[in-house]
Amino acid sequence: MKIRLQEIEFGSTDVEKTKQFYQTIFGFNTAVDQENLTVFTLETHTIDYNISTHLPAKATCISFLTDNLEEIIEKLHKNSIPFDGPQPSHLGMKSISFKDPDGNLLKVNEATNSSPEWLK
């Protein structure tokens, strides 16, 4: 049997507002843009599926990896979106965390010199 992660879907109270958030902060492009549904195309070759004690039980966090954390921080400041960090994270990364308009926890990580090569 083959299995792969196909999608991550969030429920939203305002799809248009949330779509604008992800386009503004991350620059995501839409593959499908219909009433009550936006599908973004992500340039990812691998996705990690983690289970850890980094979050409380039953909590979910979607993490992104960037090579320019400062650019994300600037966009968050420009759009008055509060965030925590940057702070050291596991695997030698530095990270920030914040919530989207629907309260979903997001994290953006940047590999550092002490991170494994496969993260860089």
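Contact here means that heavy atoms lie within 4.5 Å, and the structure to which the exercises apply is a predicted model.

**Exercise 1.** Determine the strand order of the sheet, and explain why β3 and β4 each have a side without a neighbour.

Solution. Begin with the order, which reads β3-β6-β5-β4 in an open sheet of 4 strands with mixed pairing. Next, consider the ends of that order: β3 (61-66) and β4 (84-88) stand at the edges with a single partner strand each, so one side of each lacks a neighbour in the sheet. From one strand to the next, the twist averages 25°. Then turn to β5 (residues 94-99) and β6 (residues 105-110), which run antiparallel and are joined by 6 bridges; Lys94, for instance, has Glu110 in β6 as its bridge partner.

**Exercise 2.** Decide whether Ser97 is buried or exposed.

Solution. Locate Ser97 in strand β5, and then compare its relative accessibility of 18% with the cut-off of under 20%, which means that Ser97 counts as buried. Beyond its neighbours within four places in sequence, Ser97 is in contact with Phe83, Asp84, Leu105, Leu106 and Lys107.

**Exercise 3.** Identify which residues touch the most other members of the largest nonpolar core, and trace the contacts of Phe98.

Solution. Among the 16 residues of this core, those touching the most other members are Ile25, Phe26, Ile96, Phe98, Leu106 and Val108. Two or more core residues come from each of α1 (15-26), β3, α2, β5 and β6. Leaving aside neighbours within four places in sequence, the contacts of Phe98 include Phe21, Ile25, Phe26, Leu76, Leu106 and Val108.

Definitions and conventions:
Residues are numbered from 1 along each chain as its sequence is written. This is a predicted model: local features need pLDDT of at least 70, side-chain atom pairs count only at pLDDT 80 or more; totals for chains, interfaces and linings use all residues. Side-chain values use heavy atoms; hydrogens and water are left out. Two strands pair if DSSP finds at least two bridges between them. Axes are lines fitted to C-alpha atoms, for helices over the stretch in contact, and angles run from 0 to 180 degrees between N-to-C directions. Buried means under 20% relative accessible area, exposed over 50%, partly exposed in between (1.4 Å probe, protein chains only). A nonpolar core is a set of buried Ala, Val, Leu, Ile, Met, Phe, Trp, Tyr and Cys residues joined through side-chain atoms within 4.5 Å.
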